[in-house]
Amino acid sequence: MTKQLIIAEKPSVAQDVARALGGFTRQGDYFESDDYVLSSAVGHLLELAVPDEFEVKRGKWSFAHLPTIPPHFKLNPIEKSAERLRLLTKLIKRKDVTGLINACDAGREGELIFTYVAQHAGTSKPVRRLWLQSMTAQAIRDGFQQLRTAAEMSGLREAAMCRAESDWLIGINGTRAMTAFNSKSGGFHLTTVGRVQTPTLAIVVEREERIRAFRPRNYWEVEATFGVSAGEYVGRWFDEGFRKPEDDEHAAAPRIWDQARADAIRTRCAGKPGRVEEESRPSTQLSPLLFDLTSLQREANGRFGFSARTTLQLAQALYEKHKVLTYPRTDSRALPEDYVTTVPGILGALPDEYTGFATQIIKRGWVKPNKRIFNNAKISDHFAIVPTGTAPKNLSEAEYKIYDLVTKRFLAVFFPAAEYQITTRITRVEGEAFKTEGKVLVTAGWLAIYGKEAALEGEEASGSLVPVQQGEGARTEEIAVKALVTKPPARYNEATLLSAMEGAGKLVDDEELRAAMAGRGLGTPATRAQIIENLIAETYMLREGRELIPTAKAFSLITLLKGLGIAELASAELTGEWEHKLGLLEKGQLSRAEFMGSIEAMTRDIVERAKSYDSDTIPGDFGDIHAPCPKCGGQIRENYKKFQCQSCEYALWKIVAGRQFEPHEIETLLTTGRVGPLLGFRNKMGRAFNAEIRLNDDRMPEFDFGQPREGEDAQAPDFSGQTSLGHCPKCQAGVYEHGTSYVCEKSVGPDKSCDFRSGKVILQQPIEPEQMQKLLSTGKTDLLRLFVSSRTHRKFSAMLVWDAKAGKVGFEFEPRAPKAPAKGKAAAAAGEGEAAAPARKTTRARKTTA
């Protein structure tokens with residue numbers, strides 16, 4: 001008796017197929033019935049590689065061996081799944097198996113997984129394709145009645161293979177070419193590039209450039225308190241004729257850029273009566289859509305600080321190990337239309353804590369056809385992440401958090417919208433308009449699932465307004481001008497970077513390419529987390545708290561690609577162009593040979609451009625340094641890697657200890673012999689440190705941590721050229737700037753008798769001389785807002801204070817809203833050049849720094 005071998009992409013799908021068709025018995029990692037043998041891959045089992053005769057070892061990544069374009073690729077088994085590959089190969093070669101059924105996921109990757117397995121097995125047995133978008137038993141049985149032929153799938157199969165091979169060619173050759181270029185001057189400087197990785201990095205670098213270029217602007221807002229018979233309310237002045245200009249992202253209706261104008265409004269309106277206009281309207285808020293992987297990763301990062309990779313691992317464990325969630329590596333936020341009949345069963349099987357809401361949904365008939373929830377057109381390889389109905393057991397705390405997020409979202413999507421009443425009140429005083437807004441929750445709807453706190457969120461944010469009687473006027477009780485400052489763009493965190501990757505198609509100017517990227521973006525839900533981790537592992541980015549910060553290596557790569565004229569490697573347009581061509585290939589409108597021909601041409605161009613430049617000839621936005629060479633007096637000019645004298649061999653590296661020098665810093669260093677303290681250096685362990693840079697006797701830069709050079713220990717520093725910042729709080733001697741610190745004059749030199757010393761930079765917060773003067777004269781600085789915790793990496797605001805009892809500099813925090821006082825001692829940790837101090841006024845610090 002002959003049989004057909006069914007190969008699914010993962011074991012859970014194989015089990016679903018076995019249950020739907022029936023008649024199978026399990027034989028270890030495969031099933032067998034009278035008509036079928038059924039097994040599965042476990043994701044990708046093979047990866048592309050260059051045949052040995054065309055490959056070169058890593059140490060030989062020179063231009064002599066580039067480009068690497070093999071006439072054909074070989075497939076290497078992935079070690080961790082090699083056993084499963086051997087099983088499938090054995091089943092394919094069984095004599096009673098006369099044909100194969102590809103039951104891998106309905107998409108490009110599923111096609112590739114099966115194609116590679118069949119290619120590795122060397123089979124010529126006929127293949128048919130099972131194409132499923134729903135995993136209900138009936139959908140599976142229907143799918144087997146409508147199997148597609150291999151010829152029908154040829155376009156998708158060739159597109160899948162082209163995508164994999166082109167990613168390999170561009171990634172490998174781009175990485176080897178950039179590495180060879182950066183290693184020309186010696187050493188081995190691994191410089192990885194990739195079609196998804198590098199444009200993602202470019203997004204982060206562009207944001208950091210905007211942050212660095214940001215210059216704060218002062219603006220003012222006018223806020224008034226109005227009195228009516230029922231009480232008081234606050235209104236904010238706004239410009240009724242405001243139109244958002246295209247060239248000013250900070251412009252807003254309430255912002256006044258001239259203090260004199262703000263003061264004039266205050267003067268004109270102070271104590272004057274106002275006329276009240278009010279409009280009230282209902283508003284509804286639908287629940288968010290079901291989760292796909294990217295939106296789940298964003299939510300978990302925002303709520304719990306989980307990295308994208310951690311969330312994927314937790315969701316994968318909840319799917320594979322605990323069987324309580326559906327397949328997580330999905331980009332769909334909808335369910336198949338035939339799941340309308342499946343959902344009530346899932347609701348009825350949820351744990352007790354969700355039963356009340358689940359019962360309400362079923363009893364009120366809220367599960368019904370709804371294109372927002374059930375929509376085949378919005379499903380690709382997989383549908384949204386939802387609970388399976390299997391009872392969760394022995395979940396870790398982190399696993400439970402993800403399960404709870406998914407389950408509550410699943411319940412919420414069936415609940416009705418939350419309903420609000422929104423009131424907008426305009427108070428007109430002397431021709432000026434002041435706006436007040438109130439928002440009251442009328443019906444919680446889906447917000448009830450998230451508890452009282454979430455349900456009242458809108459009400460607590462703005463609340464109801466004190467009522468105004470018909471025709472009643474308002475009195476201007478108080479009016480004040482608030483001085484404010486614009487803020488730079490926020491750095492990316494994993495949640496916002498995932499959103500940027502998902503929506504990268506919007507950055508593409510070409511309409512056709514933008515359309516090709518619709519719904520795709522950079523990477524896939526399954527790969528985005530690993531892309532971020534790879535960028536961190538390759539030290540292109542640092543993860544500090546929840547922020548992702550590009551390194552000097554990242555800026556250097558983007559500069560190099562632009563200089564070489566291959567900026568497309570750092571652009572989302574490359575993915576758009578590929579997706580457009582792959583779409584044509586799937587439809588049979590472009591041949592595999594044509595597509596790969598364009599990729600090979602691009603590969604050769606990348607290598608040739610890298611070959612044709614040296615580090616000092618790379619074009620870029622480089623200029624002259626306005627300070628003479630300390631060796632010969634010649635002109636120093638910036639290039640890709642160095643600040644190089646044009647008349648002699650004197651040169652300074654641009655990147656030192658993971659930090660890139662700016663031209664103005666080099667100018668200061670060459671003019672005065674020192675610069676700093678500078679922030680952002682990194683030691684070999686990746687830890688940040690701050691330091692001054694000084695020129696040594698050979699006129700080369702070196703770190704200055706405030707320690708005397710060899711031979712200088714015998715004499716005290718000369719402070720005669722400085723003015724004392726104040727009296728030392730320990731011994732009343734003078735305090736001066738010295739290296740990276742403020743020091744008591746008696747704490748340095750051979751006859752030191754005091755130990756007072758405080759860093760110029762404390763927990764990444766620069767301490768200006770004016771603030772040290774305040775500390776010494778009043779015992780306290782102003783409120784400083786740029787401290788970054790060395791433990792949590794989060795920013796915080798505090799004042800530096802002198803703790804006379806402890807004899808140390810410490811912190812005093814902003815008063816918070818009254819609440820029960822914390823018991824015990826709170827402490828702040830500190831490293832070199834940092835202060836630690838009381839967490840509250842009533843507690844003492846356990847550690848300070850000198």
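Hi everyone. Please keep in mind that we are looking at a predicted model today.

Let's begin with two helices. Two packed helices are described by the angle between their axes and the distance between those axes. Our pair is helix H9, residues 308-320, and helix H17, residues 525-537. Their axes come within 8 Å and cross at roughly 140°. That angle makes H9 oblique to H17. As for the handedness, H9 passes H17 in a left-handed crossing.

Which residues in H9 and H17 meet? From H9 we have Ala-308, Arg-309 and Leu-312, and they meet Ala-526, Ala-529, Gln-530 and Glu-533 in H17. Sorted by class, this contact has four nonpolar residues, one polar residue and two charged residues.

Now come with me to helix H7, which covers residues 259-269. Which residues of H7 are buried? They are Ala-262, Ile-265 and Cys-269. These three cover an arc of only 60° around the axis, so they sit on the same side of H7. Here is some background for the spacing you see in those numbers. An α-helix has 3.6 residues a turn, so residues three or four places apart point the same way.

If you turn to the other side of H7, you will find Ala-260 and Thr-267, and these are exposed. And what covers the buried residues of H7? The cover includes strands S10 (218-228) and S11 (231-237), along with S13 (418-429), S14 (432-443) and S15 (474-485).

Last topic: the backbone. Most residues other than glycine have a negative phi, and most peptide bonds are trans.

Leu-66 and Pro-67 are joined by a cis peptide bond, with omega at about 0°. You can find Pro-67 in the loop between strand S5 (46-49) and strand S6 (74-77).

Next is Asn-394, a residue other than glycine whose phi is positive, near 60°. Look for Asn-394 in the loop between helix H11 (355-363) and helix H12 (397-412). Is Asn-394 buried or exposed? Asn-394 is exposed, because its relative accessible area is 77%.

Finally, Arg-699 is not a glycine either, yet it has a positive phi of about 65°. Arg-699 belongs to the loop between strand S25 (688-695) and strand S26 (701-704). With a relative accessible area of 30%, Arg-699 counts as partly exposed.

Notes
Residues are numbered from 1 along each chain as its sequence is written. This is a predicted model: local features need pLDDT of at least 70, side-chain atom pairs count only at pLDDT 80 or more; totals for chains, interfaces and linings use all residues. Side-chain values use heavy atoms; hydrogens and water are left out. Axes are lines fitted to C-alpha atoms, for helices over the stretch in contact, and angles run from 0 to 180 degrees between N-to-C directions. Helices (H or I, at least four residues) and strands (E, at least two) are DSSP runs, numbered from the N terminus. Angles under 35 degrees count as roughly parallel, over 145 as roughly antiparallel, 65 to 115 as roughly perpendicular and the rest as oblique. A crossing is left-handed if the near helix is turned anticlockwise from the far one by less than a right angle, and right-handed if clockwise. Contact means heavy atoms within 4.5 Å. Ala, Val, Leu, Ile, Met, Phe, Trp, Tyr, Cys and Pro count as nonpolar, Asp, Glu, Lys and Arg as charged, and the others, Gly among them, as polar. Buried means under 20% relative accessible area, exposed over 50%, partly exposed in between (1.4 Å probe, protein chains only). The arc is that of the directions from the helix axis to the C-beta atoms.
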